Amino acid sequence: MTERNAADELSRRAFFLKALAGIGGAFAAAVAVPVIGFGSAPFWSAKSRPRLLSSSVTPVLRGTGWAPAGSLADFVVGETRLVVVPREVVDGWAHGTEPVACFVSRTTETEVVAFDHHCTHLGCPLSWAAGAHRFLCPCHGGAFDPSGQVVAGPPPRPMLTYATKVENGQVLIGPLNEES
């Protein structure tokens, strides 16, 4: 009989550790492959360019151009409406034309004001309560009057507005007034 060399032989403990590492690696691969496939599937099967911005929350305008919001005759004096305007958006790494929502209110026969539809507290989307004549934040109880001033809740400042102008009977929405 030949003597066994301890260095050439795999101990029982080392064998079990290597086997356990192999089984753990197999389980990790079994979980990682479907997760990576599920996460990348929309990019492989998309018939058009995938949207980089969510369609559920419209972005805030960070452009400088002007976009038509409709005819002046479409807006009634004293009435506020939510309008979605296709705008050139620059928001970090996302660039392109996106639908941007804003509240448009005709204040006089020739003037309109456009408000950003996000609350100045945490950016939640506002809604217009026509009966109460208030912009309401459903998340934290913020409320704004028809001129965009805070009347209740935690918002720290008035609503942001967009530059507006009327040309040839069309209401045009311009850049966001960051200081409003």
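Cys124 is buried, with a relative accessible area of 12% (buried means under 20%, exposed over 50%, partly exposed in between, with a 1.4 Å probe and protein chains only). The model is predicted: local features need pLDDT of at least 70, side-chain atom pairs count only at pLDDT 80 or more, and totals for chains, interfaces and linings use all residues. Residues are numbered from 1 along each chain as its sequence is written, and side-chain values use heavy atoms, with hydrogens and water left out.

**Cysteines**

A disulfide is counted when two cysteine sulfur atoms lie within 2.5 Å. The count by this rule is 0 disulfides. Cys124 is in no disulfide, its nearest cysteine sulfur being that of Cys139. For Cys137, the closest cysteine sulfur, in Cys119, is too far for a bond. Cys137 is buried, with a relative accessible area of 6%.

| Cysteine | Nearest cysteine sulfur | Distance |
|---|---|---|
| Cys124 | Cys139 | 3.1 Å |
| Cys137 | Cys119 | 4.1 Å |

**Sheet**

Strands of a sheet pair through backbone hydrogen bonds, either parallel or antiparallel. Here an open sheet of 4 strands runs in the order S5-S6-S7-S8, with antiparallel pairing. Strands S5 (127–129) and S8 (150–152) stand at the edges with a single partner strand each, so one side of each has no neighbour in the sheet. S6 (residues 134–136) and S7 (residues 143–144) pair in the antiparallel sense over 2 bridges; two strands pair if DSSP finds at least two bridges between them. Leu136 stands opposite Ala143 in S7. Strands (E, at least two residues) and helices (H or I, at least four) are DSSP runs, numbered from the N terminus.

**Leu10**

Leu10 is found in the segment before helix H1 (12–45). Leu10 is partly exposed, with a relative accessible area of 48%.
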